[in-house]
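These are my notebook entries on a structure that I looked through piece by piece. I wrote down each term where I needed it.

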Amino acid sequence: MSVLNQMDWLLPQLLLVLFALILPALDYLFKDKRVLSLAALVPLVGIALALVGWLFMGLWTFPRSGVPSALEVNLFSGLFMLVFVSVGIVVVLSSPEFISKERNQGEYYSLILLAITGMTVVAEAADLIALFVGLEIAGISSFALSGFKKREKRSAEAATKYFIVGGFSSALTLFAISLFYGVTGVTNISMMGPLLNNAFTNLDGSDSVALLATVLLLAGFGFKIALVPFHMWAPDVYEGAPTPISGLLAAASKKMGFAAFFKVFLIGIVISKTDWELAVAALAIITMTVGNLVAVSQTNVKRMLAYSSIAQAGYILIALPVGTQYAVAGGMFHILTHAFMKSGAFMVVAAMGACAIGEKLDDFKGLSRRSPFLAISMALFLLSLAGIPPLAGFASKFVLFSSAVYTSISPGPHWLVWLAIAGVLNSALSLYYYARVIKYMYMEKAPDESRVKTPPMMMLGILFAVAMTILLFLFADSVVNLCLDAAHGSFPTLPLGR
Amino acid sequence: MFENVPVISIIILLPLIGSFATFLLGKYGKYAKYLALAFTTAAFLLSLAVSYEFVTTPSPANSTGYHNGYQFYENHSWIKSIGVSYIVGLDGISLPLFVLTTLLCMLSILFSWDTELRPKEYFGLMQILEVGVLGVFVSLDYFLFYVFWEVVLIPMYFMIGVWGGPNKDYAAIKFFIYTHVASLAILVAIMAMYFEAQVGSFSMERIAAESVGFSRAFQFAVFGAMFFGFGVKLPMVPFHTWLPDAHVEAPTAGSVLLAGLLLKMGGYGLIRVAIPSLPLGAHDMVPAMAVIAIASILYGGIVCLAQKDLKKMVAYSSISHMGFVLLGFATLSQLGMTAGVFQMFAHGLVTAVLFMMCGVIQHKCGTRMIPSLGGLAKKMPIAATLMTAGFLASLGLPGMVSFAAEFLVFWSMFNQWGLWLFVPIIGVAITAAYYLWALQRSMFGPLTDKIDTSHLRDISWYEGVPVGILIALIALFGVFPSLIISRIDTAVTVIQAVLHLFGGG
């Protein structure tokens, strides 16, 4: 048992993989497929409760690896893991009705668990190779998931597109990693920094290799989190994939990209920050602006949400060029709130699909009559996404944008304030298309006024997301503190910034 | 009476609980109005008790929950990591507006007694609106202030969008986005002050205490952002265009609350936040404030003359009358600022009557287009009496509350800028003209034949009672303005001291 004792810090991943292996077998045993989703919930809820007990209540500490290794458990990884499993819970709860007519449902849940396993590996990775492996586990599972309704053309197209783009971005990432290895001779992220510094001071040409690697990595990760101009795949995939999976991609998979981004850019290559900060800042502003502008003209709500999550990625990216602990905490806080409001919004769309209403903007007409519950939940998610208090999205955007304002005032550079201004203006712009959906739900008449009943498990999932969207605002204090501690623990070299 | 009782929080909580109770009524939705009336009346009575307990010249010895000039003060930390607290309190500036809010919300609910379209949502949203407005008037923490400020937008957006007139979609979204952009300007200004003050707290008092260190250029820029943000809400020319659209489409009670309370939030923000925290910025902006104020007074009045829609006329008259508020503030004098706050209170009472009467006309006649009306006094004598009283109050008849307020504004302007006074005074003449002309065309003269008047009934009880109460108050405070002015005056003295200290007089 000594081997097991040494691996207790891997328990969450082991648990997820174990259930992922059992689930296809359960598929053969039970006629009622809802059992599968209940089984898939077991590890997710278990891990979520354990994480909450650790992060917020201090009931126990999560075991950490004794020796320096490829994976490292800390507050940062814990918080991201909480995001992933929470989104997983929402997604799994709303899946049974959505895929009730499909075959091989066991594999569906098992792929979800595997995708989440991959994400948790990324969150814990302390080594570029481990990071890459995590990205691949999550990526390959997601490709298969987005094509799960394989008889639907859109779904198959989405999977193919996602696969090709994902493969390309993996190649870029791996190439960048190999270049970094060539320059520094290590793959450990925190050891890279000082060695990279040598490369920059030696003037033997290796600095240009490192810069090339940085650009490749920016593109590779940029594809993962759908930064403009690497975003083209996202709307098609989100639209074509089964709606719960779109939620998983937007709310969790994208956040995995950010975990990788933060780690590599703010620990590994933070030394060359002055080289990349302007490029990343420009990408952030372009991403949020393009995402919001294009979202305005969408008539499919899923597609609109896809563009909105591109825009939200632009907001989160503000944390990188600002590069203070406070900014990273703001980014993590927004990642957490965004996970709930965005997955919730996708689940409302999924519920509408399950109730055979549809996912076009026109289908939202008069939803407040047909299903008051779905309408009020959607309204709350959208208002939170727009950053209207008293909802979580406001609190996290507030921390995020104020970090840019603060850093621009005291150490500078002064242009950082434009990130906050761009973010604020974009929030105003985004309100237009969010409010339009609310207008359709509450102020337009539906052609068919019949009431629809939301499946109970979906309702539970949406209710969970609604509760979190409100609670994360009311109890912002403990969350912000936790994010600050996590940022301090994982990025001790960054300035405090507050 | 309220030692150790968080009475302000209770007053804010009452409509919040009421709104949730109303939303959850289910199929008993037709009883929503009783529930809403009960909760808002309770809030109103409690706020009356608070104003009874309120001491005009407070000190730690004689008042409840005293703290630095505020009474009924509450302070709890909320988001410690970024310095956000739940701080509420009342002083002479906020008290009149606070009681006005509970009063108008209660009366608007009574006025909407016959609402049949989605009553649960309607009465629930009205109570949420009350929560937001009350919160704005008592918050002493910028973060909290902004939260309440934004909370107000959502119910109003729905009220216009769901219960509004034919062009409601356009009006609702225009209102929402226009005022949200203004809010964001305020948000950026708040963030800038927070970081410049370096006290790690969003408390208004603590940031104001640091404002000595704010450079003149910083104050000018931040005051500019706040002036824009609050000015849109006020509304001031040229950022007023959302208001006529919103008013024309909004249901009557929505218009009452919009004009009676939401516009006051803009003025309140200026006097509570912008002027005392950024005195140098305020000094530098005086010319801009004065010019915009006079432009609003004159422009609003002239446009009123051309209106055919009674309600649109009243809406534009609000722009004109809120210009007086801004004019009073622009003098930056003790008298002017007191008069500005008093004008906000007066306009809240008067404009509520006017919009309610527009609602009555619309309700009974099916139209409010002035050319289609005429001679209604013969058919609806009580309504005609109330409407005449309202119009006379609004045009500043002595003995009514508006006269006292406008007179003080003019007095303060004369002290400051002498005979320039004649420019805004033209506005009073215009006001008299459009009101009397409209009254003559709609209420008096031969009975109209453009609408069917055979079944025309006089005002209903649930409409008459609120209007009657308001007119009684208009007369009461018109004869005894000092009841309120003395309280505002004490609070303004504090701001005045700040201005003298830092602004060089």
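**Entry 1: terms and numbering.** I began with the rule for naming elements: helices (H or I, at least four residues) and strands (E, at least two) are DSSP runs, numbered from the N terminus. I noted that this is a predicted model, in which local features need pLDDT of at least 70 and side-chain atom pairs count only at pLDDT 80 or more, while totals for chains, interfaces and linings use all residues. Residues are numbered from 1 along each chain as its sequence is written, and chains are lettered from A and ligands numbered from 1 in the order in which they are written.

**Entry 2: a loop in chain B.** I looked up P235(B) and found it in the loop between α8 (216-233) and α9 (242-249) of chain B. The peptide bond that leads from L234(B) to P235(B) is cis, with omega near -10°. P238(B) also lies in the loop between α8 and α9 of chain B, and the bond from V237(B) to P238(B) is cis, with omega near 5°. I kept in mind that most residues other than glycine have a negative phi, and most peptide bonds are trans.

**Entry 3: positive phi.** I then turned to the backbone angle phi. N104(A) has a positive phi of about 55° although it is not a glycine, and its place is the loop between α4 (75-98) and α5 (105-124) of chain A. For burial I used this rule: a residue is buried if 20 or more other C-beta atoms, placed from the backbone, lie within 10 Å of its own, exposed if 12 or fewer, and partly exposed in between. N104(A) is partly exposed, because 13 other C-beta atoms lie within 10 Å. In chain B, N68(B) has a positive phi near 50° and is not a glycine; I found N68(B) in the loop between α2 and β1 (71-79), and it counts as partly exposed because it has 13 C-beta neighbours inside 10 Å.

**Entry 4: each chain as a whole.** Chain A has 21 helices and zero strands, whereas the secondary structure of chain B comes to 19 helices and two strands. The radius of gyration is taken over C-alpha atoms, and the globule rule is 2.2 Å times the number of residues to the power 0.38. For chain B the radius of gyration is 22 Å, close to the 23 Å that the rule gives for 505 residues, so chain B is as compact as a globular protein of that length. Along its principal axes the C-alpha trace spans about 70 × 55 × 45 Å in chain A and about 70 × 60 × 45 Å in chain B. Buried residues make up 62% of the 498 residues in chain A and 62% of the 505 residues in chain B.

**Entry 5: a buried alanine.** Is A43(B) buried or exposed? It counts as buried, because it has 27 C-beta neighbours inside 10 Å. A43(B) sits in helix α2 (residues 32-53) of chain B. Two residues are in contact if their C-beta atoms, placed from the backbone, lie within 7 Å; leaving aside its neighbours within four places in sequence, A43(B) is in contact with I11(B), L14(B), P15(B) and T102(B).

**Entry 6: where the chains meet.** How many residues does the contact take from chain A and from chain B? It takes 23 residues from chain A and 28 residues from chain B. On the side of chain A that touches chain B, α18 (392-409), α19 (417-443) and α21 (476-490) each supply at least two residues, and the largest share, nine residues, comes from α19(A). For classes, Ala, Val, Leu, Ile, Met, Phe, Trp, Tyr, Cys and Pro count as nonpolar, Asp, Glu, Lys and Arg as charged, and the others, Gly among them, as polar. By class, this side of chain A has 18 nonpolar, three polar and two charged residues.
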